[in-house]
Amino acid sequence: MGALEYVFGAVLLLFSLGIIVIVLLQEGHQKNIGVVTGGADTFFSKNKARSIDAFLARWTKVISIGFFLLVIVINIIMYFSAK
(Lines give C-alpha, C1' and ligand atoms only; values in the text may rest on other atoms or scores of the structure.)
Protein backbone atom coordinates (compact mmCIF):
# COMPACT_ATOMS: atom_id res chain seq x y z
CA MET A 1 0.00 0.00 0.00
CA GLY A 2 1.18 3.45 -0.80
CA ALA A 3 1.43 6.44 1.48
CA LEU A 4 -1.67 7.94 -0.10
CA GLU A 5 -3.77 4.99 1.03
CA TYR A 6 -2.48 5.35 4.60
CA VAL A 7 -3.31 9.06 4.63
CA PHE A 8 -6.81 8.48 3.27
CA GLY A 9 -7.34 5.68 5.78
CA ALA A 10 -6.27 7.89 8.68
CA VAL A 11 -8.55 10.73 7.57
CA LEU A 12 -11.49 8.34 7.19
CA LEU A 13 -10.78 6.96 10.66
CA LEU A 14 -10.81 10.48 12.13
CA PHE A 15 -14.10 11.31 10.39
CA SER A 16 -15.72 8.10 11.58
CA LEU A 17 -14.56 8.59 15.17
CA GLY A 18 -15.83 12.17 15.04
CA ILE A 19 -19.26 11.01 13.90
CA ILE A 20 -19.41 8.37 16.63
CA VAL A 21 -18.42 10.79 19.39
CA ILE A 22 -20.83 13.53 18.32
CA VAL A 23 -23.76 11.13 17.96
CA LEU A 24 -23.09 9.64 21.40
CA LEU A 25 -23.00 13.12 22.95
CA GLN A 26 -26.49 13.96 21.69
CA GLU A 27 -29.53 13.52 23.88
CA GLY A 28 -32.39 11.30 22.83
CA HIS A 29 -35.55 13.04 21.67
CA GLN A 30 -38.22 11.70 24.00
CA LYS A 31 -41.81 12.60 23.37
CA ASN A 32 -44.13 13.96 26.10
CA ILE A 33 -41.28 14.63 28.51
CA GLY A 34 -42.70 18.12 29.09
CA VAL A 35 -45.78 16.63 30.73
CA VAL A 36 -43.64 14.95 33.39
CA THR A 37 -41.66 18.11 34.17
CA GLY A 38 -44.70 20.36 34.20
CA GLY A 39 -44.51 21.46 30.59
CA ALA A 40 -42.88 24.77 31.50
CA ASP A 41 -40.88 26.68 28.92
CA THR A 42 -37.23 26.56 29.78
CA PHE A 43 -34.30 28.57 28.54
CA PHE A 44 -33.24 25.74 26.26
CA SER A 45 -36.69 25.31 24.74
CA LYS A 46 -36.87 29.02 23.93
CA ASN A 47 -33.32 29.16 22.54
CA LYS A 48 -33.18 25.80 20.77
CA ALA A 49 -31.06 27.16 17.91
CA ARG A 50 -28.35 28.21 20.36
CA SER A 51 -28.37 25.16 22.58
CA ILE A 52 -25.81 22.39 22.71
CA ASP A 53 -28.24 20.01 20.97
CA ALA A 54 -28.46 22.29 17.95
CA PHE A 55 -24.67 22.64 17.92
CA LEU A 56 -24.17 18.86 17.98
CA ALA A 57 -26.86 18.28 15.35
CA ARG A 58 -25.26 20.82 13.03
CA TRP A 59 -21.80 19.26 13.43
CA THR A 60 -23.23 15.78 12.90
CA LYS A 61 -24.51 16.94 9.51
CA VAL A 62 -21.24 18.67 8.60
CA ILE A 63 -19.03 15.71 9.50
CA SER A 64 -21.39 13.21 7.84
CA ILE A 65 -21.40 15.17 4.58
CA GLY A 66 -17.61 15.48 4.75
CA PHE A 67 -17.28 11.75 5.35
CA PHE A 68 -19.59 10.98 2.42
CA LEU A 69 -17.72 13.29 0.04
CA LEU A 70 -14.34 11.99 1.19
CA VAL A 71 -15.35 8.38 0.49
CA ILE A 72 -16.47 9.34 -3.02
CA VAL A 73 -13.24 11.24 -3.69
CA ILE A 74 -11.11 8.38 -2.37
CA ASN A 75 -12.92 5.88 -4.58
CA ILE A 76 -12.50 8.07 -7.65
CA ILE A 77 -8.78 8.60 -6.95
CA MET A 78 -8.16 4.91 -6.28
CA TYR A 79 -10.09 3.88 -9.39
CA PHE A 80 -8.09 6.12 -11.69
CA SER A 81 -4.73 5.47 -10.04
CA ALA A 82 -5.14 1.70 -10.44
CA LYS A 83 -5.08 1.98 -14.25
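Visitor: Leu69 first. Is Leu69 buried, partly exposed or exposed?

Guide: Leu69 is partly exposed, because its relative accessible area is 46%. The cut-offs: buried means under 20% relative accessible area, exposed means over 50%, and partly exposed is in between, with a 1.4 Å probe and protein chains only.

Visitor: Before we go on, what kind of model is this, and what are the ground rules?

Guide: This is a predicted model: local features need pLDDT of at least 70, side-chain atom pairs count only at pLDDT 80 or more, and totals for chains, interfaces and linings use all residues. Residues are numbered from 1 along each chain as its sequence is written, and side-chain values use heavy atoms, with hydrogens and water left out.

Visitor: Fine. Which helix holds Leu69?

Guide: Helix H4, residues 52-81. Helices here are DSSP runs of H or I with at least four residues, strands are E runs of at least two, and both are numbered from the N terminus.

Visitor: And how many helices and strands does the chain have?

Guide: The chain has 4 helices and 0 strands. From the N terminus on, the order is α-α-α-α.

Visitor: Which residues make the nonpolar surface patch?

Guide: Ile65, Phe68, Leu69, Ile72, Ile76, Tyr79 and Phe80. The patch covers about 740 Å². Patch residues have over 30% relative accessible area and no salt bridge; like charges are joined within 9 Å, and nonpolar side chains (Val, Leu, Ile, Met, Phe, Trp, Tyr) within 5 Å. A salt bridge is a side-chain nitrogen of Lys or Arg within 4 Å of a carboxyl oxygen of Asp or Glu.

Visitor: Tyr79 and Phe80 are both in that list. What is the geometry between their rings?

Guide: The structure holds 2 aromatic pairs. Tyr79 and Phe80 form one that is edge-to-face, at 5.2 Å centre to centre and 75 degrees between the planes. Rings of Phe, Tyr and Trp (its six-membered ring) pair if their centres lie within 6.5 Å; planes under 30 degrees apart are stacked, over 60 edge-to-face, and the rest tilted.

Visitor: How exposed are those two?

Guide: Tyr79 is partly exposed, because its relative accessibility is 47%. Phe80 counts as exposed, because its relative accessible area is 58%.

Visitor: Zoom out. What share of the chain is buried?

Guide: Of the 83 residues, 13% count as buried. The chain exposes about 6900 Å², with carbon and sulfur atoms supplying 71% of it. Areas come from the Shrake-Rupley method with a 1.4 Å probe; for residues, only the protein chains shown count as cover.

Visitor: Now a buried one. Why does Phe8 count as buried?

Guide: Phe8 counts as buried because its relative accessible area is 14%. Phe8 lies in helix H1, residues 3-25.

Visitor: What does Phe8 touch?

Guide: Ile74, Ile77 and Met78, not counting residues up to four places away in sequence. Contact means heavy atoms within 4.5 Å. Phe8 and Val71 are 63 residues apart along the chain, with their C-alpha atoms separated by 9.0 Å.

Visitor: And Leu4?

Guide: Leu4 is also in helix H1. Leu4 counts as partly exposed, because its relative accessibility is 46%. Beyond neighbours within four places in sequence, Leu4 is in contact with Ile77 and Met78.

Visitor: Switch to Thr60. Buried or exposed?

Guide: Buried, because the relative accessible area of Thr60 is 18%. Thr60 sits in helix H4.

Visitor: Which backbone oxygen lies 2.7 Å from a polar atom of its side chain?

Guide: That of Leu56. A polar contact is a pair of N or O atoms within 3.5 Å; within protein, one must be able to donate a hydrogen and the other to accept it, and residues adjacent in sequence count only if both atoms are side-chain atoms.
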